[in-house]
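Subject: Structure for you to look over

Dear colleague,

Please find the structure below, followed by notes on what was found in it. I would be glad if you could read the notes with the model open beside them.

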Amino acid sequence: MGENLQQVIDTFGDPSVTLLLHEHELILGYGRRHWFYFQEDKLVKIQTTPPLLSQESINLIPILEFFDYYNWKVNKLISRHSNLTEVKLALGIDIELNEKNQLIIKDNNNVLALNFSVSVSYPSKEKNYSLSGFTLQTNTYQSYPTNNIEQKDQSLIIDLAYFKLQEGGIVDSKELNKQLGDPLGYITLSKYSELNIYNSNLIVQTKNSKLESIFFNEEVFLEEHNFSDELGPWQLGPFIQGRTLEEIKSYLPNDAYITDDEVEIETENYILSLFFGDIDGENSLYQAELKLY
């Protein structure tokens, strides 16, 4: 705790994920299981539970072998999957789990929460507790509400670009990427390629600063952080999240490739893929990908 951003990067290398959702807080992710929080350029929190991002977004993060395949340890004494009895003996503590199945350990500077998952043995019905994650944070850590984030209307910029493509125009992908401005965060795919997160629906893939693909997703963030009240459903031209396949068929060209769960429209300048699934008993649009040539 207390190290600055550069010290952490010098130790672990470049992060897999960078989230800039708050003016006063920066979150770095290494692989899918280690998350570092910085406030005023000081490390104030570490946790193993992915913050904010939905499971679908987490699945986009490349696996980092050291962080994702190896079990972390606490004081070199206990590790992920240790049982509750082992943890108490190793740490020399005799406290009970709270209502969230956590052991909370405090000192003058920090708070360590050890999270346990529970399973039941049959036929004895005995409960077994296994260490599944942890959060370590300073006593002064302050959480910022996500609903204060101002989201620019990058979706309108994309919609205008799509209209231009439909009219047979050419979109400069580098210029389009500049127009979108700074993302709320990004996922590093490789040295040259990344996924930029702009709002709760919009992710853009770039390579060498050139925009390659645009994704409209159902949920980029966890539901409680989804900002859906502000943005509403995503829209790309006549294609609106939640509309059924039957409702959009009149907008499709004759040569569109159509199945029950996907529609693909291919032109000289782009490929648009629309994805459908069962939502409230209807075959509804939930995701789209616009790939530029």
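For the aromatic part of these notes, rings of Phe, Tyr and Trp (its six-membered ring) count as a pair if their centres lie within 6.5 Å, with planes under 30 degrees apart called stacked, over 60 edge-to-face and the rest tilted. The model is a predicted one, in which local features need pLDDT of at least 70 and side-chain atom pairs count only at pLDDT 80 or more, while totals for chains, interfaces and linings use all residues. Residues are numbered from 1 along each chain as its sequence is written, and side-chain values use heavy atoms, with hydrogens and water left out.

Aromatic rings

Eleven aromatic pairs are present in the structure. In one of them the ring centres of Phe 66 and Tyr 70 are 6.1 Å apart with their planes at 40°, so this pair is tilted. Ring pairs join Phe 66 and Tyr 70 with Phe 12, Tyr 30, Phe 36 and Phe 67 in a cluster. As for accessibility (buried means under 20% relative accessible area, exposed over 50% and partly exposed in between, with a 1.4 Å probe and protein chains only), Phe 66 is exposed at 57%, whereas Tyr 70 is partly exposed at 46%. A charge is also found at a ring: Lys 45 lies over the face of Tyr 37, 4.7 Å from the ring centre, where the criterion is that NZ of Lys or CZ of Arg is within 6 Å of the ring centre and within 35 degrees of the ring normal.

Nonpolar cores

A nonpolar core is taken here as a set of buried Ala, Val, Leu, Ile, Met, Phe, Trp, Tyr and Cys residues joined through side-chain atoms within 4.5 Å. The largest such core has 30 residues, and Ile 214, Phe 239, Leu 272 and Leu 274 are those that touch the most other members. Two or more residues each are given to this core by H5, H6, S12, S13, helix H8 (245-248), strand S17 (262-266), strand S18 (270-279) and S19, the helices (H or I, at least four residues) and strands (E, at least two) being DSSP runs numbered from the N terminus. Apart from this core lies another, of 23 residues, which include Leu 43, Val 87, Leu 112 and Leu 131. With contact meaning heavy atoms within 4.5 Å, and residues up to four places away in sequence not counted, Leu 274 touches Phe 239, Ile 248, Asp 261, Glu 262, Val 263, Leu 285, Gln 287 and Ala 288.

Helix H6

Helix H6 (residues 173-180) has Ser 173, Leu 176, Asn 177 and Leu 180 buried. These residues cover an arc of only 100° around the axis, which puts them on the same side of H6; the arc is that of the directions from the helix axis to the C-beta atoms. Among the elements that cover them are helix H5 (154-166) and the strands S11 (193-197), S12 (202-207), S13 (210-216) and S19 (282-292). At the start of H6, a side-chain oxygen of Asp 172 comes to within 3.1 Å of the backbone nitrogen of Lys 174, and just after the helix Gly 181 has a positive phi of about 80°.

Backbone geometry in loops

Tyr 122 and Pro 123 are joined by a cis peptide bond with omega of about 10°, and Pro 123 is in the loop between strand S8 (110-121) and strand S9 (126-138). Asp 41, in the loop between strand S3 (34-39) and strand S4 (42-47), is a residue other than glycine with a positive phi, near 65°, and is partly exposed at 44% relative accessible area. Lys 76 is not a glycine either, yet has a positive phi of about 60°; this residue is in the loop between strand S5 (73-74) and strand S6 (78-79) and is exposed, at 75% relative accessibility.

Two buried polar residues

Ser 54, in the loop between S4 and helix H2 (55-58), is buried at 5% relative accessibility. A polar atom of the Ser 54 side chain lies 2.7 Å from the backbone oxygen of Glu 219. Lys 88, in helix H4 (residues 84-91), is likewise buried, with a relative accessible area of 16%, and, its neighbours within four places in sequence left aside, is in contact with Ile 93, Ile 95, Glu 96 and Leu 103.

With best regards

Note on methods: Polar contact = N/O pair within 3.5 Å; in protein donor to acceptor, adjacent residues only side chain to side chain.
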